[in-house]
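This report walks through one model, from its core to its charged pairs and its turns. The sequence and structure come next.

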Amino acid sequence: QVQLVESGGGLVQAGGSLRLSCAASGRTFSNFAMGWFRQYSGKEREFVAAISRSGGSTRYADSVKGRFTISRDNAKNTVALQMNSLKPEDTAIYYCAADVSGRNGPFGGSATYDYWGQGTQVTVSS
């Protein structure tokens with residue numbers, strides 16, 4: 001059983017920044033590929049960013065490239081999403097997810113993730 005808990009969401013004005021964090025249980029965190037996804041109200045979940053086991057490989061959605069940065073600290077069992085230059089269209093519920101096998105690195109789709117957090121709301125005002 002893996003538990004993921006997100007934090008750091010909130011309300012920010014356009015152009016501002018937020019840093020999301022996801023804390024994972026377990027001693028095998030370093031074996032997990034980790035991802036961030038978001039869901040707009042009434043729409044399907046979409047990919048935001050992902051990172052490989054060691055943090056050596058990352059992947060980003062085109063919509064966030066150059067603005068968001070994913071990172072991990074395996075000693076603390078955490079993964080973070082630094083979000084800069086936020087736009088109103090970034091408003092969504094953000095979820096972290098764990099691919100326990102880690103075999104897909106940052107390239108797996110949503111179906112490859114085994115565990116999901118409960119989400120944290122990010123709201124960007126214009």
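## Nonpolar core

The largest nonpolar core holds 34 residues, of which Met34, Trp36, Leu81, Met83 and Tyr94 touch the most other members. A nonpolar core here is a set of buried Ala, Val, Leu, Ile, Met, Phe, Trp, Tyr and Cys residues joined through side-chain atoms within 4.5 Å. At least two residues of this core come from each of β3 (18–24), β4, β5 (45–51), β7, β8, β9 and β11 (120–125). Strands (E, at least two residues) are DSSP runs, numbered from the N terminus.

This is a predicted model: local features need pLDDT of at least 70, side-chain atom pairs count only at pLDDT 80 or more, and totals for chains, interfaces and linings use all residues. Residues are numbered from 1 along each chain as its sequence is written, and side-chain values use heavy atoms, with hydrogens and water left out.

## Tyr94 and Val122

Contact means heavy atoms within 4.5 Å. Leaving aside residues up to four places away in sequence, Tyr94 touches Glu6, Leu20, Trp36, Phe37, Arg38, Val48, Phe68, Leu81, Met83, Gly119, Thr120 and Val122.

Val122 is in strand β11. Its relative accessibility is 0%, so Val122 counts as buried. The cut-offs are under 20% relative accessible area for buried, over 50% for exposed, and partly exposed in between (1.4 Å probe, protein chains only). With residues up to four places away again not counted, Val122 touches Gly9, Gly10, Leu18, Leu20, Met83, Asp90, Thr91, Ala92 and Tyr94. Val122 and Gly10 lie 112 residues apart in sequence, yet their C-alpha atoms are 5.1 Å apart.

## Strand β8 and its partners

Five of the six residues of β8 are buried, so this strand is largely enclosed by the rest of the structure. Two strands pair if DSSP finds at least two bridges between them. β8 pairs with β3 in the antiparallel sense, over six bridges. Cys22 has Val79 of β8 as its bridge partner.

β7 also runs antiparallel to β8, joined by six bridges. Here Thr69 is bridged to Gln82 of β8. The two strands, β7 and β8, form a hairpin with four residues between them.

## Positive phi in two loops

Asn77 sits in the loop between β7 and β8. Its phi is positive, about 55°, although Asn77 is not a glycine. Asn77 is buried, at a relative accessible area of 16%.

Ser85 lies in the loop between β8 and β9. Ser85 is not a glycine either, and has a positive phi of about 50°. Ser85 is partly exposed, with a relative accessible area of 41%.

## Salt-bridge network

Side chains of opposite charge can pair when their charged atoms come close. A salt bridge is a side-chain nitrogen of Lys or Arg within 4 Å of a carboxyl oxygen of Asp or Glu. By this rule there are four salt bridges. Which residues form a network of salt bridges? Arg38, Glu46, Arg67 and Asp90 are linked in this way.

Arg38 pairs with Glu46, the closest N and O atoms being 2.9 Å apart. Arg38 counts as buried at 2% relative accessibility, whereas Glu46 is partly exposed at 26% relative accessible area. Arg38 also meets Asp90 in a salt bridge, at 3.0 Å from N to O. This pair links distant parts of the chain: Arg38 is in strand β4 (residues 33–39), Asp90 in the loop between β8 (78–83) and β9 (92–99), 52 residues apart. Asp90 forms a salt bridge with Arg67 too, with closest N and O atoms 2.8 Å apart. Here the partners are 23 residues apart, Arg67 being in the loop between β6 (58–60) and β7 (68–73). Asp90 is buried at 0% relative accessible area, and Arg67 is buried at 11%.

## Rings and charges

Rings of Phe, Tyr and Trp (its six-membered ring) pair if their centres lie within 6.5 Å. By this rule there are five aromatic pairs. Ring pairs join Phe37, Phe47, Tyr113 and Trp116 into a cluster.

A charge sits over a ring if NZ of Lys or CZ of Arg is within 6 Å of the ring centre and within 35 degrees of the ring normal. The charged end of Arg45 sits over the ring of Trp116, 3.9 Å from its centre. Arg59 lies over the face of Phe47, at 3.9 Å from the ring centre.

Key
Phe/Tyr/Trp six-rings, centres within 6.5 Å; stacked < 30°, edge-to-face > 60°.
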